[in-house]
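Trainee: I am new to this structure. Please walk me through the fold.

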Amino acid sequence: LFGLATAAILAPVLPTAAAIDPAEAYVRKVADQVMSLANSGQKGNGLKARFAALLNSHINLRAIANFALGTYQSKLPASRKGEFYELVNNYAASLFVYYVDDFRGSELEVMSNAKQGKFTVIQSAIKLKGGGREQVRWRLTKSGGGYRISDVNLKGVWLTISMKDRFT
């Protein structure tokens, strides 16, 4: 009886699934998919293809690619845009495969969630299976009824900045 009474008293103040922040829930979902791929043991082109598909479904790679071009964007012929976007997708997926060991984790810990202009920035860390943590920052924008990843920071480097340095 004491347990039921305590539960009845605490029920209004305990967090519920409905109280989970949608941006954080989205980031957790994506991180779970990334960790699942990283923990799968798959390697090479098969893993790269799976990362590419994952990136395409959650990250606005076209916006990142256009940012990477900077002032050269207007010089890219329309007939070559498809090829360029495919190369950017391949590059981003290759980066994930190269750093796959850094994504072999068991859980994503969200440390903070803040609005920065039109972005929601989430600071998190992957709890690594071998111990330790790998910091990951996510920059999200609203998209439809949910979110889309505009940029991700791994190893202290934003994907957009890394690509801009490489591509220009």
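Trainee: Among contacts between residues at least 6 apart in sequence, what share joins residues at least 24 apart?

Mentor: First, this is a predicted model, where local features need pLDDT of at least 70, side-chain atom pairs count only at pLDDT 80 or more, and totals for chains, interfaces and linings use all residues. Residues are numbered from 1 along each chain as its sequence is written, and side-chain values use heavy atoms, with hydrogens and water left out. Contact means heavy atoms within 4.5 Å. Among contacts between residues at least 6 apart, the share joining residues at least 24 apart is 48%.

Trainee: In what order do the elements run from the N terminus?

Mentor: Helices (H or I, at least four residues) and strands (E, at least two) are DSSP runs, numbered from the N terminus. The protein has 6 helices and 5 strands. From the N terminus, the order is α-α-α-α-α-β-β-β-β-β-α.

Trainee: How do the axes of α2 and α3 lie, roughly parallel or roughly antiparallel?

Mentor: Axes are lines fitted to C-alpha atoms, for helices over the stretch in contact, and angles run from 0 to 180 degrees between N-to-C directions. The axes of α2 (residues 22-39) and α3 (residues 44-58) come within 10 Å and cross at roughly 170°. Angles under 35 degrees count as roughly parallel, over 145 as roughly antiparallel, 65 to 115 as roughly perpendicular and the rest as oblique. The two helices are therefore roughly antiparallel.

Trainee: Which residues of α3 make the contact with α2?

Mentor: From α2 come Tyr26, Lys29, Val30, Gln33, Val34 and Leu37. The residues of this contact divide into 7 nonpolar, 2 polar and 2 charged. (Ala, Val, Leu, Ile, Met, Phe, Trp, Tyr, Cys and Pro count as nonpolar, Asp, Glu, Lys and Arg as charged, and the others, Gly among them, as polar.) On the α3 side, the contact is made by Leu47, Arg50, Phe51, Leu54 and His58.

Trainee: How many bridges join β1 to β2?

Mentor: β2 covers residues 119-128 and runs antiparallel to β1. The number of bridges joining β1 to β2 is 10.

Trainee: Which residue in the turn between β2 and β3 has a positive phi?

Mentor: β2 and β3 (residues 133-143) are antiparallel and share 8 bridges. They form a hairpin with 4 residues between them. The turn residue with a positive phi, about 100°, is Gly131.

Trainee: Is Ala125 buried or exposed?

Mentor: Ala125 is in β2. It touches residues including Leu108, Met111 and Val136. Buried means under 20% relative accessible area, exposed over 50%, partly exposed in between (1.4 Å probe, protein chains only). With a relative accessible area of 0%, Ala125 is buried.

Trainee: Why do the buried residues of α6 lie on the same side?

Mentor: In α6 (residues 159-167), Leu159, Thr160, Ser162 and Met163 are buried. The arc is that of the directions from the helix axis to the C-beta atoms. These residues lie on the same side of α6 because they cover an arc of only 165°.

Definitions and conventions: Pairing = 2+ DSSP bridges. Lists of a residue's contacts leave out its neighbours within four places in sequence.
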